[in-house]
Amino acid sequence: MANNASISMEIGNDGVALITMLNPPVNALTLSALEELKRCYEEAIDSDNVKAIVLSGADGRFCGGLDISVVENVHKHGDISLLPDASIGLVVNKMENGKKPSVAAIQGFALGGGLELAMGCSARIATAKSDLGLPELRLGVIPGCGGTQRLPRLVGTSKAVEMLMSSKTITSEEGKELGLIDAIVSSEELLTVARCWALDIAEGRQPNCNSLQKTDKLGPKDESLEILKSARQRYTVPHYKACLDVIEEGIISGGYSGVLKEDKLFKELVLSNTAKGLLHVFLAERATTKVPGVTDIGLKPQRIEKVAVVGGGLMGSGIATALIISNISVVLKEISHEYLSKAVKSVEANLQGFVTRGKLNQDMMKRTLSLLKGTLDYEELKDVDMVIEAVNENVSLKQSIFEDIEKICTSECIFASNTSTISLDVIGKRTSSQDRILGIHLFSPAHLMPLVEIVRTENTSPQVIVDVIKFTKILKKVPIVVKNCTGFAVNRSFFPYMQGPDLLANLGVDIFRIDRVITEFGMRLGPFQLQDLSGYGIYLAGVKEFVAAFPDRSFQSPLVQLMVENGREGKKNGKGYYTYNKGSKPEADHSVIQIVEESMRLTNVAPGGKPISVTDEEILEMIFFPVVNEACRVIEEGIVVRASDIDIASVHGFKFPPETGGIMFWADTIGYEYIYSKLKSWHESYGDFFKPSTFLEQRACKGFALGRIVLT
Ligand SMILES: C[C@H](O)CC(=O)SCCNC(=O)CCNC(=O)[C@H](O)C(C)(C)COP(=O)(O)OP(=O)(O)OC[C@H]1O[C@@H](n2cnc3c(N)ncnc32)[C@H](O)[C@@H]1OP(=O)(O)O
């Protein structure tokens, strides 16, 4: 029996060598594990006692792919020689051409390099509902162990392109239908069946399939090339294009040639800024659930199975949808039959949206809807584990709801508010349940947006936070734990993003140029088109709130009010900065320039009344550096646990381009001395909106990076 920390090999009396990957929690492949795997294969191939090999993973999981710390190390040292030689050295030379067949015994998941190892085996046996996929593009790279070649040869070009481009997994059942999996068995039978299958191949009773040599699934060359051509039109980002190029190489020049090209491009892409940014997002996303003093003190999350949602408006019905779709029973409380029926209809419409997008079928929709119970009576809330209040932003209404629920619910029930503005201390003031009160701030539409701010007060108990973190994970959302303040972490950090574009417009910068610069940077919408779509009422209410909270650094522009006075309501009435006609794309309406000029006259911020002259780069910086500046204040005040939580907030809450790694990671790549010096000079020229925070100033003077800060 060979054994190192992460790989073990046991040779059975049946002549099967069982190689097991063991590296909790996901059996990721470290450099030493890959070396040891290669050595075990060599030993098994050379041993007269071994006829065949079974490759498996410990603890009910096959393998989550290359250990991400290997990639982190490459980024840190800028040295690709720190990557393993697994594609040719292990998969081609030992597994495929090593003269002894191996069978993958897959349980739980086989992802990235994990699935690539499995595809290098002669057959794959899996347990039901295992997840299979090559999600490397999500990390800014392409598969690097032959996945771009073997997957199309096992499932066909079209399905392989779909799986690779989406980074989505398929189940082992789908894998079986497609030809990726040879048999599905129970977990008890897995190793026995895999061993027999391996011996059957060794003794000629089952075919020995070398997936790199297979051609039947690829179909006619022209068809495959056509699939790639149309994918290229959809996916223009460089690493997506590289992936398609590599698949094409294999189709034109053969699998081995494709593997060589894949190896070369994988190594180039690992060092790209996109890979660095996306890897940071992956790790930062997992770091959000680690809250010092809360998640590290041995508390076990208690399951929240039944939840009451009070208020069935846009947010309440979205929240109810998000819960029932995750199999959580919901009691939806409204104040009248009319409102309740409207709320239930809205949940149905949300679910119908999932059906239209192919995520649910009618049967599943029916079953999901059966988890929803509408009520007008607080009595129905007496056995729920949590209440989420989602009524209008009205302090006394919220306070009285909290009073009412305290009387009805159990003494363990968690009381949450979906408020985006009101202090939780104020909302819970009239109760004696302060330790069970917190904010669960979801973003609209709540059933679709992934981010959740868990807002704790000084009194919220760690157990409640732990329970709610687990609960948000069940909803498949990304939680960040924040403290109470106006706008919490997300809207607070990004309030300058509401005001900055208006300031630039008042300085005479063309609004359509601003939108172009921002969308070219990677935001889905420019700030002015966003105002049009979200509605001027929401915009004005948001600005008012932040002007009141942070008058020292807010810029108040009359522009949107002037738009309203000129009969413009944005998308709502088809007339905003853009015109909106059904069936056609929004078009810039240059006649708004007159309104912008009127606004400029009123604010008179442009020096000498003349438009300022700026480059596109300066526009980008003048819009996003104030966001970085405010985020520094959020960090300094301890609103977030760590700077990277703001990265996650920016990516999931504001759709900041993920390949940048989020706003703080992006700022680190630019450098804080530069950001500080720019803000300082704009502060002198254009006022307090740009005034650098002391936190930024101090860090910049010391040359510190900010993206890595963790507050303990
Ligand atoms: C050469 C190859 O082509 C290149 C590659 O293989 S690149 C890697 C490709 N693999 C992936 O992208 C898979 C990434 N992992 C995942 O999608 C998910 O973690 C998973 C589905 C495996 C498990 O999900 P889940 O059970 O929800 O647990 P999750 O919280 O995500 O991860 C658990 C822990 O495993 C770690 N982890 C997950 N995948 C890892 C990996 N490939 N390497 C190292 N650590 C990993 C996470 O960072 C997390 O660590 P933490 O507990 O310290 O926070």
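User: How far is an oxygen atom of the ligand from an N or O atom in the side chain of E136?

Analyst: The model is predicted: local features need pLDDT of at least 70, side-chain atom pairs count only at pLDDT 80 or more, and totals for chains, interfaces and linings use all residues. Residues are numbered from 1 along each chain as its sequence is written, and side-chain values use heavy atoms, without hydrogens and water. A polar contact is a pair of N or O atoms within 3.5 Å. For the ligand oxygen and the side chain of E136, the distance is 2.6 Å.

User: How much of the ligand does the protein bury?

Analyst: Accessible areas come from the Shrake-Rupley method with a 1.4 Å probe. Taken alone, the ligand exposes 980 Å². The share of this area that the protein buries is 73%.

User: Which residues are closest to the ligand?

Analyst: A residue counts as near when one of its heavy atoms lies within 4 Å. The ligand is surrounded by 24 residues. The shell divides into 12 nonpolar, five polar and seven charged residues. The closest are G113, E116, E136, R286 and K290.

User: Which helix gives the largest share of the lining of the largest cavity?

Analyst: Helices are DSSP runs (H or I) of at least four residues. Helix 20 (495-506) and helix 26 (616-636) each supply at least two lining residues. The largest share, four residues, comes from helix 26.

Definitions and conventions:
A polar contact is a pair of N or O atoms within 3.5 Å; within protein, one must be able to donate a hydrogen and the other to accept it, and residues adjacent in sequence count only if both atoms are side-chain atoms. Ala, Val, Leu, Ile, Met, Phe, Trp, Tyr, Cys and Pro count as nonpolar, Asp, Glu, Lys and Arg as charged, and the others, Gly among them, as polar.
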